[in-house]
Amino acid sequence: MWEWAAAPEYWGARFVVAHLLALTYLIAFVCALRQFRGLLGERGLTPIPRYLARVGFRDSPSLFHLHYSDRFFAGVCWAGIVGSVLALVADLAPLWAWLVLWTVLWLLYLSIVNVGQVWYSFGWESLLLEAGFLAIFLGPAHVAPPTLVLWLLTWLLFRVEFGAGLIKMRGDSCWRDLTALYYHHETQPMPGPLSRWFHWLPRPLHEVEVLANHVTQLVVPFLLFAPQPVATAAAVVVVVTQGWLVLSGNFAWLNLLTITLAFSAMVIPVPTPPVSGLPPWFAVLVLLVTVVFVVLSYWPVRNMLGKRQVMNRSFNKLHLGNTYGAFGSITRTRYEVVLSGADDVGGEWREYGFRGKPGDPYRRPPQVAPYHLRLDWLMWFLALSPSYGRSWLPGLVRALLRNDEQVLRLLRHNPFPDRPPKLVRADFYRYRFTTRAEREETGAFWVRTRVGDFVPPVSLDDLE
C-alpha cells in the first residue's frame, strides 16, 4: 500500500544529506559554545536574561524560558555537539531512535536561535532549522528514503535559489545590467583569501558570472522537479555554483547547506544495501508533515509572487516554511568601522584586530566559512548604518574599556593585554582592494582612507 512513499534509488542522496546536515549542526553548536558568553551571556553585549524578561515563550519558544544560566547554555551546546556526532553514525540506529535524536537536535538549536536576538538574525539559521526539521523524517539507512521528504527538501532548495534570484532582479539595477560583480567581491560582508583575485577578473567575465547566476537561480530550480537525470544535472549545477561562492567569499554555512539540499534531488550511482519499506505509522507521519508544509508554503509563495518581496523571513516562531534570499542590493563602496584605544588623551592609538573582518590592510582576508563569526558580520552591517549597532555597540565599547575577557575572546588581537585603555574610539574608513601593482609595491591587500569619526573618543566615565 505504501510502496509509492519510498524511494530506495535515493539511498545515496539520503546518506549525503543526513551526514552533511549533522556536520552543519556540529559547526553551529560549536559556534554557539565558543561565542555566546561575550555576545549573549549573563555579562554579554545583549544578555539573554534581559531578553527573556521582556519576551514570553509564545513569542520566542525556547528551553531557556524554563531556566537560564551561562552554565546551562553551555550544557545545551555540549548536548548539541554530542548529538551531532551521534547523528553522524545514526544510520545504525532503529527508526524511533533516529526520530528522537534529530528532534532533540532541532529543539536545542531552536532554543538557541529564538533567544539569539540580532546575533542569530541570519537566513542560514532558519535554513538550518527548516532542513534539520525535515531530516527528522529522513530515517536511518536501513529504511528506504521517504519520497515526500525528499520532495520537501527539494522544495526548500527551490525557495532558497528562486527567492534569491527574484530578489536580485527586483532589487538592485546592477543585477539587471550585469554589473553587480564589479563591486560585490570587494564589498561583500566577509571577503576570503581569493576575493581580491575574483574582484580583479576582467569585467566581461564578471558579466558572464552574473548571467550564469541568473540562470542558476531563476531557471535551474524548476529543473530540480524534472524527471531524472535532468533533476540530477540541475542539482549538480547548483553544487558547482555554490562551490564558486565558497571560493569567492565567506558566507558561514549557507553554501554548505545549499549544497546539502542539492543532493536531495540527485540519484547517486552507489550500491544500495537492502532496505525495508516505510512502516505504515511512519508513512502516515510523513504524510501529515507534508500536509503541514504544503499549508506553510502559502506564505513564502505569496512573498515570492508579491511585488514587495522580502528576504530571509520566518513567518512563524518555529522557523518552518521560511522565505529566503540574499543581496537584493549591492554596496558599491566598502566602509569599515575600526576600533582603537589609547592610554590617555594625546597618546598613541592602537587598533583592535577582528578575526575575520578587514582591518589591518596588510592582512590577507582569512578563510572562515563554514564557521560563523557573528560579531564580525554585525560590524559589516554597522558600517552600512549606525542603527544596526544600537543594541550592542555601546556595550562593546564599554567592554573594551574594561578589558572584558569574554568579549575580548571574540577578537583576534587585543592591543592592551595588561590593562584596559583609558579611551576607545571608532573610526570610519573606506576600503578597496589593492591593484596588482600596489600589491607588489607595498605588500598590502587593502588601501584604506579615513573618512571620519564613527564614535568619538570616549572614556568609561562618559558611559557611566
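Colleague: Which element gives the most to the lining of the largest cavity?

Modeller: That's β1, with 3 residues. Before we go on: this is a predicted model, where local features need pLDDT of at least 70, side-chain atom pairs count only at pLDDT 80 or more, and totals for chains, interfaces and linings use all residues. Residues are numbered from 1 along each chain as its sequence is written, and side-chain values use heavy atoms, with hydrogens and water left out. Helices (H or I, at least four residues) and strands (E, at least two) are DSSP runs, numbered from the N terminus.

Colleague: What makes something a cavity and not a pocket?

Modeller: On a 1 Å grid over the protein atoms alone, a cavity is a set of points where a 1.4 Å probe fits but cannot get out, while a pocket is an open set with protein on both sides within 12 Å along at least five of seven lines; lining residues have an atom within 4 Å of a point. The whole structure has 1 cavity of 30 Å³ or more, and the volume of the largest cavity is about 50 Å³. Volume here is the space filled by probe spheres set on the points, with grid points joined across faces, edges and corners. Among the residues lining the largest cavity are Val 337, Tyr 352, Phe 354 and Lys 357. β1 (334–342) and β3 (353–354) are the elements giving two or more residues to that lining.

Colleague: How many residues in the lining of the largest cavity are nonpolar, polar and charged?

Modeller: There are 6 nonpolar, 2 polar and 1 charged. Ala, Val, Leu, Ile, Met, Phe, Trp, Tyr, Cys and Pro count as nonpolar, Asp, Glu, Lys and Arg as charged, and the others, Gly among them, as polar. The second largest pocket, with about 370 Å³ of space, has a lining of 5 nonpolar, 11 polar and 4 charged residues. Helix α5 (residues 123–135) provides the largest share of that pocket's lining, 3 residues.

Colleague: Why is Thr 260 called buried?

Modeller: Buried means under 20% relative accessible area, exposed over 50%, and partly exposed in between (1.4 Å probe, protein chains only). Thr 260 has 0% relative accessibility, so it counts as buried. Thr 260 sits in helix α13 (residues 254–262). Leaving aside neighbours within four places in sequence, Thr 260 is in contact (heavy atoms within 4.5 Å) with Val 17, Leu 20 and Leu 21.

Colleague: And Phe 122: buried or exposed?

Modeller: Its relative accessible area is 7%, so Phe 122 is buried. Phe 122 lies in the loop between α4 (95–113) and α5. Not counting residues up to four places away in sequence, Phe 122 touches His 372, Arg 374, Trp 377, Leu 378 and Phe 381.

Colleague: Why is α6 called oblique to α10?

Modeller: Helix α6 (residues 147–170) and helix α10 (residues 203–218) pack at about 130 degrees, with axes 7 Å apart. That angle makes α6 oblique to α10. Angles under 35 degrees count as roughly parallel, over 145 as roughly antiparallel, 65 to 115 as roughly perpendicular and the rest as oblique. Axes are lines fitted to C-alpha atoms, for helices over the stretch in contact, and angles run from 0 to 180 degrees between N-to-C directions.

Colleague: Where is His 214?

Modeller: His 214 is in helix α10. With a relative accessible area of 9%, His 214 is buried. Not counting residues up to four places away in sequence, His 214 touches Met 169, Trp 175, Leu 178 and Val 219.
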